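Trainee: I would like to learn how to read a model like this one. Could you walk me through it?

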Amino acid sequence: MFPNLFEATQEYWQQLDQIESRYKQGQISIEEVDREVERLMKQLGQKRRESLHFFRESWSNLISTHAELLIGLVFVLIVAYSWMLTMAH
């Protein structure tokens, strides 16, 4: 399943806003704020690593299953680009 990095980032900012609000109301100390922010950063970092891993695995799978098609497509694009360059001069 694809990790939703956009949603995780939104949750991160919402939780930061809640921490800030609690701090301004005097409910938590600055040390607690530091601990909470560190915990949130670790959670978001984990989501980012999961997203990167998912992207790498998906890309690797795409390349391995469609290698011939991709090579052919790259060849056609190179030929078309070369033809356009020769027509321009």
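Trainee: What radius of gyration does the protein chain have, and what would a compact globule of 89 residues have?

Mentor: First, a word on the source: this is a predicted model, where local features need pLDDT of at least 70, side-chain atom pairs count only at pLDDT 80 or more, and totals for chains, interfaces and linings use all residues. Residues are numbered from 1 along each chain as its sequence is written, and side-chain values use heavy atoms, leaving out hydrogens and water. The radius of gyration is taken over C-alpha atoms, and the globule rule is 2.2 Å times the number of residues to the power 0.38. Here the protein chain has 24 Å, whereas a compact globule of 89 residues would have a value near 12 Å. Along the principal axes, the C-alpha atoms fill a box of roughly 70 × 35 × 15 Å.

Trainee: How many helices and strands does the protein chain have?

Mentor: Helices (H or I, at least four residues) and strands (E, at least two) are DSSP runs, numbered from the N terminus. This chain has three helices and zero strands, in the order α-α-α from the N terminus on.

Trainee: Is W59 buried, partly exposed or exposed?

Mentor: Buried means under 20% relative accessible area, exposed over 50%, and partly exposed in between (1.4 Å probe, protein chains only). W59 lies in helix 2, residues 30-65, and is partly exposed, with a relative accessible area of 49%. Across the protein chain, buried residues make up 12% of the 89 residues.

Trainee: What share of the contacts with a separation of 6 or more joins residues 24 or more positions apart?

Mentor: Contact means heavy atoms within 4.5 Å. In the protein chain that share is 58%.
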